[in-house]
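Hi,

Here is the structure I promised to pass on to you.

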Amino acid sequence: MLVILHANTEETAEDYKRTWSHLQGLPEIRLQKHKVQGRGQQLTEIYLIGNTTKINLEEIESLPAVERVVRISHDFRILGRHSQETGSIDFEYNGVRFNQQNFHIFAGLCAVDNPGNVERMMQALQDNGQECTRMGAYKPRTNPYSFQGHGKECLPYVFELAGKYGIKVVAMEVTHEQHIEEIDNCLEKLGQPTGVMLQIGTRNTQNFELLKAVGRQHTYPVLLKRGFGISLNESLNAAEYLASEGNNQVIFCLRGMKTSFNAPHRNMVDFAHLPIVKRLTRMPVCIDPSHSVGTREASPDGILDVLHSTSQGIIAGANMVLVDFHPSPKDALVDGPQALTMEELPKFIEDVSISRNAYMQRVELWSE
Ligand code: PEP
Ligand code: MN
C-alpha cells in the first residue's frame with residue numbers, strides 16, 4: 001500500500017508526526033519512506049510493506065497528513081504505475097530534469113580512449129547545445145583480451161573536460177561497487193565540475209549485489225539497461241531492486257535483445273516495448289539505438305538503420321536516447337562500427353527533433 005502525503009509536508013509538522021506514529025503502530029507492517037522532489041514541491045510517499053489486506057483504506061486516508069492512498073500490486077512496488085494516481089518518477093539532477101514526459105539526448109563515446117577525442121566530443125556537444133553525454137570508462141567485454149576501458153585513470157580528464165564544455169550529466173557504466181567510490185572521489189577532488197548518471201549494463205542487469213550497492217547510494221541517478229536475454233518482467237524487477245534499496249531515480253533503457261533472428265542487426269530492436277514500460281512503471285524510458293542496431297548500414301533512402309531505430313523509439317515516446325559517437329569510428333577501441341561521427345551530430349539532433357515533434361503531435365491528436 002502506498003500512502004501519499006500532502007505536498008511539502010515537513011517531518012517536523014504535527015500532522016506528519018501523528019500520521020507517522022499511527023502508521024508505525026500498524027501490526028506486522030514495515031514502513032519505507034521515499035521523497036520525490038517535483039518542480040517547486042516535495043512529495044513524501046510512504047510504502048506499507050507486509051500484509052496490508054486487513055488495513056482499512058478510509059482509516060489511513062483520514063490521517064491528517066495524508067493526501068491519498070493507493071493499493072499496489074506485489075510487483076514493482078515502488079517503480080510500478082499501479083494506477084493513474086501515481087505520477088511519473090520526476091527528479092532534477094545537477095540542473096537537468098528527468099521524467100516520463102520530457103526528452104534528452106546522451107550522445108558520446110562508447111569507450112573513452114584519449115583526452116583528445118573526449119575533448120572533440122565535448123566541444124561538439126557544446127557547439128550543438130547539448131548538456132548531457134555518455135562516456136565509458138569501465139567496459140565489460142565479452143573477450144578478456146579486449147580493451148577493458150581506462151577505468152579510474154581517465155576520470156579526471158573526462159570530468160574536467162565535461163565541466164569545461166558545460167556538460168552537466170555524464171552517463172557512465174559501473175561494473176563494480178568500488179567504481180562508485182572512484183567516481184565520488186574524483187568528482188570531489190575536482191570540485192564537482194559535472195554530474196554522473198550511473199549506468200548498469202545489460203550484462204549486469206541481474207547482478208543483484210551491484211544493484212543493491214547502486215541503490216543504496218543517493219548521490220547519483222541510475223540508468224538501468226534491460227537484460228538482453230531475460231524477460232521484460234525480470235528486467236523491471238531488477239530496476240525495483242534499486243528502488244527497494246532507497247534510490248528511485250531510475251531510468252530504464254531498452255537496448256535490444258539477443259535472439260537467433262536479430263541478424264543482420266546486432267540485437268533485435270525492442271523499442272516497441274517502450275509504451276509497455278511506461279504503462280507498467282513510472283520510470284522515464286531511454287533507448288539505445290547504437291547497441292541495438294550495431295552497424296552503420298543505411299537503407300536505400302540514405303538514412304542509417306541506427307537513425308531509423310532512433311526515430312522509431314522517439315516517436316513511441318522515449319524520454320532519452322543514449323547513442324555512440326566517435327571522432328574517427330575506425331580508430332575507436334570499442335564499438336566503432338556502430339558509432340556516428342562528429343559531422344553527423346547536427347543532423348542527428350535535427351532528425352531527433354523531427355521525431356520528437358511528431359510524437360508530441362500524436363499525443364495531441366489522440367488526446368482530443
Ligand atoms: C554501453 O552502453 O556501453 C554498453 C556496453 O551497453 P550494453 O550494456 O547495453 O551492452
Ligand atoms: Mn558499446
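Two strands count as paired if DSSP finds at least two bridges between them. Strand E7 (residues 104-108) and strand E14 (residues 320-324) meet that rule, with five bridges joining them in a parallel arrangement. Please keep in mind throughout that this is a predicted model.

**Strand E7**

How many of the five residues of E7 are buried? Five of the five are, so the strand is largely enclosed by the rest of the structure. In a regular strand, side chains alternate between the two faces of the sheet. For E7, one side carries His104, Phe106 and Gly108, the other Ile105 and Ala107, and all of these are buried.

Strand E12 (residues 250-254) is another one to look at, since it is mostly covered, with five of its five residues buried. Val250, Phe252 and Leu254 sit on one side and Ile251 and Cys253 on the other, and both faces are covered.

Which strands does E12 pair with? One of them is E11 (residues 222-225), which runs parallel to E12 and is joined to it by four bridges. Within that pairing, Ile251 of E12 has Leu223 opposite it. Between the two strands the chain passes through helix H7 (residues 232-244), and this β-α-β crossover is right-handed.

E12 also pairs with strand E13 (residues 285-287), again in the parallel sense, over three bridges. Here Leu254 faces Ile287 of E13. The chain gets from E12 to E13 by way of helix H8 (residues 274-280), in a β-α-β crossover that is right-handed.

**The ligand site**

The residues around it are Cys110, Arg134, Lys139, Glu173, Gln199, Gly201, Thr202, Arg203, Lys225, Arg255, Asp288 and His291. Sorted by class, this shell has seven charged, four polar and one nonpolar residue.

- Arg255: an N or O atom of its side chain is 2.6 Å from an oxygen atom of ligand 1.
- Arg134: here too a side-chain N or O atom is involved, at 2.7 Å from a ligand 1 oxygen.
- Thr202: a backbone N or O atom lies 2.8 Å from an oxygen atom of ligand 1.

How much of ligand 1 does the protein cover? On its own the ligand has 300 Å² of accessible area, and the protein covers 97% of that.

**Backbone geometry to check**

Most residues other than glycine have a negative phi, and most peptide bonds are trans. A few places in this model depart from that pattern.

- Ala263 and Pro264 are joined by a cis peptide bond, with omega about 10 degrees. Pro264 is in the loop between E12 and H8.
- Asn8 is not a glycine, yet its phi is positive, at about 60 degrees. This residue is in the loop between strand E1 (2-5) and helix H1 (14-24), and Asn8 is partly exposed, with a relative accessible area of 44%.
- Glu28 likewise has a positive phi, near 60 degrees. The loop that holds Glu28 runs between H1 and strand E2 (29-38). Is Glu28 buried or exposed? Glu28 is exposed, with a relative accessible area of 69%.

Best wishes

Technical notes
Residues are numbered from 1 along each chain as its sequence is written. Chains are lettered from A and ligands numbered from 1 in the order in which they are written. This is a predicted model: local features need pLDDT of at least 70, side-chain atom pairs count only at pLDDT 80 or more; totals for chains, interfaces and linings use all residues. Side-chain values use heavy atoms; hydrogens and water are left out. A residue is near a molecule or strand if one of its heavy atoms lies within 4 Å of it. A polar contact is a pair of N or O atoms within 3.5 Å; within protein, one must be able to donate a hydrogen and the other to accept it, and residues adjacent in sequence count only if both atoms are side-chain atoms. Accessible areas come from the Shrake-Rupley method with a 1.4 Å probe; for residues, only the protein chains shown count as cover. Ala, Val, Leu, Ile, Met, Phe, Trp, Tyr, Cys and Pro count as nonpolar, Asp, Glu, Lys and Arg as charged, and the others, Gly among them, as polar. Buried means under 20% relative accessible area, exposed over 50%, partly exposed in between (1.4 Å probe, protein chains only). A crossover is right-handed if, with the strands pointing away from the viewer, the path from the first strand over the helix to the second runs clockwise.
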